[in-house]
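Please keep the sequence and the coordinates at hand.

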Amino acid sequence: MGFWIFMLCMELLIPVMMILFGWIFVRRPPKEINSIYGYRTSRSSKSKESWDFAHRYFGKLWYRWGLVLLPLTAAAMLAVLGKSKDTVGAWGNVLCCLQCIVMLIPIYFTEKALKSRFDENGKPRMQ
């Protein structure tokens with residue numbers, strides 16, 4: 001049972017991190033374009049407007065997707081409650097891989113939104 005609790009805590013780290021950083025990116029994004037912290041892609045770093053937009057957009061996606069992923073992860077871990085350590089470990093590995101995929105998908109949508117709203121120089125497109 002101890003290993004299952006440990007794995008549950010480990011599996012909940014990604015959704016909790018998505019919720020936390022999503023909230024931070026929406027409410028308190030990095031003020032300046034930098035190479036250390038934030039949603040740092042070449043497209044988001046072209047201008048202050050694209051930087052701010054990318055953080056709000058990506059933050060909202062991560063926050064919402066994290067809220068969905070959290071109970072789904074907990075429910076998925078309940079499926080292996082009382083199973084062997086090998087089963088719990090293998091299931092945890094599968095869940096972690098799926099969570100990483102879900103964690104990366106918002107990048108595609110954010111880049112697509114940036115491309116449609118900003119030109120090559122990071123200037124907003126006329127709507």
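Buried means under 20% relative accessible area, exposed over 50%, and partly exposed in between (1.4 Å probe, protein chains only). By this scale aspartate 52 counts as partly exposed, because its relative accessibility is 21%. The model is predicted, so local features need pLDDT of at least 70 and side-chain atom pairs count only at pLDDT 80 or more, whereas totals for chains, interfaces and linings use all residues. Residues are numbered from 1 along each chain as its sequence is written, and side-chain values use heavy atoms, with hydrogens and water left out.

A search of the whole structure finds two salt bridges (a side-chain nitrogen of Lys or Arg within 4 Å of a carboxyl oxygen of Asp or Glu). In one, the side chains of lysine 48 and aspartate 52 meet at 3.0 Å, N to O. Both residues lie in helix α2, four residues apart, about one turn of the helix (helices are DSSP runs of H or I, at least four residues, and are numbered from the N terminus). Arginine 43 and glutamate 111 are joined at 3.4 Å, N to O. This pair links distant parts of the chain, 68 residues apart: arginine 43 is in the loop between α1 (2–27) and α2 (48–78), and glutamate 111 is in helix α3. Glutamate 111 is buried, at 19% relative accessible area, whereas arginine 43 is partly exposed, at 28%.

Helix α3 also holds glutamine 99, which counts as buried at 2% relative accessibility. Its contacts (heavy atoms within 4.5 Å) include Glu11, Pro15 and Leu69, not counting residues up to four places away in sequence.

Key:
Helix = DSSP H or I, 4+ residues; strand = E, 2+ residues; numbered from the N terminus.
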